[in-house]
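Me: I have a structure to go through with you. Here it is.

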Amino acid sequence: MGLFRKKYWNYHGFHTKTKSFYDENGYDIRGYDKKGYDKKGYNKDGYDKDGYDKKEYNKNGYDKEGYNEEGYDTKGYNEEGYNKNGFDNKG
């Protein structure tokens with residue numbers, strides 16, 4: 001599949017049927033809507049409207065609960081309150 005997979009797109013990215021840079025569904029030649037999201041709801045960097053990627057992590061690497069892929073928060077503690085060395089956050 002090439003860049004011009006439909007006959008209505010010209011080489012400038014203009015849709016000749018709708019007379020605009022968007023097709024009848026509101027997507028441009030690259031598949032993004034006017035706000036910059038594709039049909040699945042992700043932008044060109046792979047993040048959804050809430051700022052999370054397909055694995056549910058934001059661009060800083062933390063999920064919605066505030067933990068990274070290893071299970072630690074921004075201060076280095078996991079859900080039980082222990083850091084990587086096994087010490088708890090109470091002192």
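Me: Which ring does the charged end of Lys 64 sit over?
Reply: The ring of Tyr 52, with the charged end 5.3 Å from the ring centre. The criterion is NZ of Lys or CZ of Arg within 6 Å of the ring centre and within 35 degrees of the ring normal. Before going on: this is a predicted model, where local features need pLDDT of at least 70, side-chain atom pairs count only at pLDDT 80 or more, and totals for chains, interfaces and linings use all residues. Residues are numbered from 1 along each chain as its sequence is written, and side-chain values use heavy atoms, with hydrogens and water left out.

Me: What lies over the face of Tyr 42?
Reply: Lys 54 does, at 5.3 Å from the ring centre.

Me: Back to Lys 64. What does its side chain meet in a salt bridge?
Reply: Glu 56, at 3.4 Å from N to O. A salt bridge here is a side-chain nitrogen of Lys or Arg within 4 Å of a carboxyl oxygen of Asp or Glu.

Me: Is Lys 64 buried, exposed or partly exposed?
Reply: Partly exposed, at 48% relative accessible area. Glu 56 is partly exposed too, at 34%. Buried means under 20%, exposed over 50%, partly exposed in between (1.4 Å probe, protein chains only).

Me: How many salt bridges in the whole structure?
Reply: Two. Lys 84 also forms one with Glu 70, the closest N and O atoms being 3.3 Å apart. Lys 84 is exposed at 57% relative accessibility, and Glu 70 is exposed with 57% as well.

Me: New topic. How many aromatic pairs?
Reply: One. Phe 14 and Phe 21 are edge-to-face, 5.2 Å centre to centre with 85° between the planes. Rings of Phe, Tyr and Trp (its six-membered ring) pair with centres within 6.5 Å; planes under 30 degrees apart are stacked, over 60 edge-to-face, the rest tilted. Phe 14 is partly exposed at 25%, and Phe 21 is partly exposed at 46%.

Me: Now the fold. How many helices and strands?
Reply: Zero of each. DSSP runs are what count: H or I of at least four residues for helices, E of at least two for strands.

Me: Compact or spread out?
Reply: More spread out than a compact globule, because the radius of gyration is 21 Å, well over the 12 Å that the globule rule gives for 91 residues. That radius is taken over C-alpha atoms, and the rule is 2.2 Å times the number of residues to the power 0.38. The C-alpha trace spans about 65 × 20 × 15 Å along its principal axes.

Me: What percentage of the residues count as buried?
Reply: 22% of the 91.
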